[in-house]
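Here is a short report on a structure that may be new to you. Look over the sequence and the model before reading on.

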There are 2 protein chains.
Amino acid sequence: MKSQAVFYHAGCPVCVAAEHQLLDLIDSAKVNLEVVHLGDAKQRVAEAKGLGVKSVPALVVDGQVLHINFGAPIEALQ
Amino acid sequence: MKSQAVFYHAGCPVCVAAEHQLLDLIDSAKVNLEVVHLGDAKQRVAEAKGLGVKSVPALVVDGQVLHINFGAPIEALQ
């Protein structure tokens with residue numbers, strides 16, 4: 001079964017760098033990947049917080065949160 | 001050209017979780033991935049520090065460091 005992953009970011013430099021470095025390596029045969037810009041989709045900030053996202057960029061894989069470096073706290077995006 | 005990536009960890013619970021969540025998704029056709037346990041390979045701690053690794057687990061992709069969650073500071077592994 002494919003993994004489900006969501007990459008939450010906010011367009012910040014750290015976010016963009018992580019997106020390029022990491023997402024390009026992911027095997028699309030193994031994972032359904034969605035990229036969500038929380039600055040553009042503010043209605044999804046609550047969803048991210050509910051999953052345990054404390055800062056962006058973050059990759060949530062099958063419900064488990066991987067915080068990747070530190071771009072901005074989630075509170076700054078509300 | 002394939003990317004070069006090194007996943008540095010120390011066998012900590014956060015490290016093991018990140019390894020399972022993230023490394024399984026990586027496309028081996030796109031990246032040469034090496035996994036280094038810094039507890040077992042203490043001679044490589046200096047290498048990791050030199051690359052900018054401040055904590056484990058961390059994935060270094062083509063020289064760029066992605067710190068993933070926080071398991072242990074690199075100083076604790078020396």
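## The interface

Chain B and chain A bury about 1,600 Å² between them. Carbon and sulfur atoms give 61% of that area. Buried area here is the accessible area (1.4 Å probe) that two parts lose on being put together, summed over both. In chain B, B:Gln21, B:Leu25 and B:Leu66 lose the most area to chain A. Together they account for 38% of what that side buries.

The model is predicted: local features need pLDDT of at least 70, side-chain atom pairs count only at pLDDT 80 or more, and totals for chains, interfaces and linings use all residues. Residues are numbered from 1 along each chain as its sequence is written, chains are lettered from A and ligands numbered from 1 in the order in which they are written, and side-chain values use heavy atoms, with hydrogens and water left out.

## Who touches whom

In all, 18 residues of chain B are in contact with 18 residues of chain A. Contact means heavy atoms within 4.5 Å. The rule finds 10 residue pairs in polar contact across this interface, both residues at pLDDT 80 or more. A polar contact is a pair of N or O atoms within 3.5 Å; within protein, one must be able to donate a hydrogen and the other to accept it, and residues adjacent in sequence count only if both atoms are side-chain atoms.

Three elements of chain B each give two or more residues to this side: helix 1 (13-23), strand 3 (55-61) and strand 4 (64-73). Helices (H or I, at least four residues) and strands (E, at least two) are DSSP runs, numbered from the N terminus. Strand 4 of chain B gives the largest share, 6 residues. The side of chain B that touches chain A divides into 10 nonpolar, 5 polar and 3 charged residues. Ala, Val, Leu, Ile, Met, Phe, Trp, Tyr, Cys and Pro count as nonpolar, Asp, Glu, Lys and Arg as charged, and the others, Gly among them, as polar.

## Symmetry

How does chain B superpose on chain A? A rotation of 180 degrees does it, with 0.0 Å of shift along its axis and an RMSD of 0.0 Å. That is the relation of a two-fold axis. The same surface serves both copies: 100% of the contact residues of chain B recur in chain A. The superposition is by least squares on the C-alpha atoms of residues with pLDDT of at least 70 in both copies.

## Salt bridges

How many salt bridges cross the interface of chain B and chain A? The rule finds 0 there. Over all chains, the structure holds 4. A salt bridge is a side-chain nitrogen of Lys or Arg within 4 Å of a carboxyl oxygen of Asp or Glu.

One salt bridge joins the side chains of A:Arg44 and A:Glu34, at 2.7 Å from N to O. The pair links distant parts of the chain, 10 residues apart. A:Arg44 sits in the loop between strand 2 (31-37) and helix 2 (45-51) of chain A, and A:Glu34 in strand 2 of chain A.

## The hairpin and the cis bonds

In chain A, strand 3 (residues 55-61) and strand 4 (residues 64-73) run antiparallel, joined by 6 bridges. Two strands pair if DSSP finds at least two bridges between them. A:Val56 has A:Ala72 of strand 4 as its bridge partner. These strands form a hairpin with 2 residues between them. A:Asp62, in the turn, has a positive phi of about 45 degrees.

A cis peptide bond joins A:Val56 and A:Pro57, with omega about 0 degrees. A:Pro57 lies in strand 3 of chain A. In chain B, a cis peptide bond joins B:Val56 and B:Pro57, also with omega about 0 degrees.
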